[in-house]
Amino acid sequence: MNIFLLWIKNTSIAIIISTLMILFFKYVLKVEVSILRMILIYVVFVAFKIILWLIKRKNINFGKIKFSIIIGVFCWGVFVATIMNLFINNPFKLYYAIINYVVYMVGGFIWGIVVYSLTKKIIKRKEERIELLRKK
């Protein structure tokens with residue numbers, strides 16, 4: 001039962017974020033959002049949230065390259081490219097979609113390397129501070 005409740009929680013969070021994003025694009029940025037695009041946005045957000053939840057649940061230990069490929073390319077790159085294709089471009093023009101996916105996947109890989117490196121440096125500094133406090 002606990003897994004079911006977590007699944008419902010993650011799905012509802014994804015739906016709330018999707019709704020806020022659709023409202024933001026529709027009323028603030030004045031972008032016309034069709035029903036098909038709304039459905040695709042909900043599907044992408046729910047899938048993204050569930051993938052991240054499953055990675056967290058399995059306690060996968062990441063190295064720099066593994067983190068960059070899984071989180072950077074697939075979770076960040078594909079997710080952002082899909083959202084940008086749905087809002088900015090016509091999602092049914094293959095040429096624009098391919099360019100977006102390639103650019104965002106490469107950007108996601110670089111983003112993954114940078115985030116992993118910064119996180120490791122921050123964790124190392126935090127551990128050093130804790131070690132100094134223990135010595136005192």
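Q: In which helix is phenylalanine 109 found?
A: This is a predicted model, in which local features need pLDDT of at least 70, side-chain atom pairs count only at pLDDT 80 or more, and totals for chains, interfaces and linings use all residues. Residues are numbered from 1 along each chain as its sequence is written, and side-chain values use heavy atoms, with hydrogens and water left out. Helices are DSSP runs (H or I, at least four residues) numbered from the N terminus, and phenylalanine 109 is found in helix H4.

Q: Is phenylalanine 109 buried, partly exposed or exposed?
A: Buried means under 20% relative accessible area and exposed over 50%, with partly exposed in between (1.4 Å probe, protein chains only). Because its relative accessibility is 27%, phenylalanine 109 counts as partly exposed.

Q: How many Å separate phenylalanine 109 and phenylalanine 74, C-alpha to C-alpha?
A: Phenylalanine 74 is among the residues that line the largest pocket. Along the sequence it lies 35 residues from phenylalanine 109, and in space the C-alpha to C-alpha distance is 8.9 Å.

Q: Which helix gives the most to the lining of the largest pocket?
A: A pocket is an open set of points on a 1 Å grid over the protein atoms alone, where a 1.4 Å probe fits, with protein on both sides within 12 Å along at least five of seven lines, and lining residues have an atom within 4 Å of a point. Helix H2 (35-58) and helix H3 (64-87) each supply at least two residues of this lining. The most, 6 residues, comes from H3.

Q: Why does valine 114 count as partly exposed?
A: Valine 114 lies in helix H4, and it is one of the residues that make a nonpolar surface patch of about 760 Å². Valine 114 is partly exposed because its relative accessible area is 43%.

Key
Patches are made of residues with over 30% relative accessible area and no salt bridge: like charges are joined within 9 Å, nonpolar side chains (Val, Leu, Ile, Met, Phe, Trp, Tyr) within 5 Å. Accessible areas come from the Shrake-Rupley method with a 1.4 Å probe; for residues, only the protein chains shown count as cover. A salt bridge is a side-chain nitrogen of Lys or Arg within 4 Å of a carboxyl oxygen of Asp or Glu.
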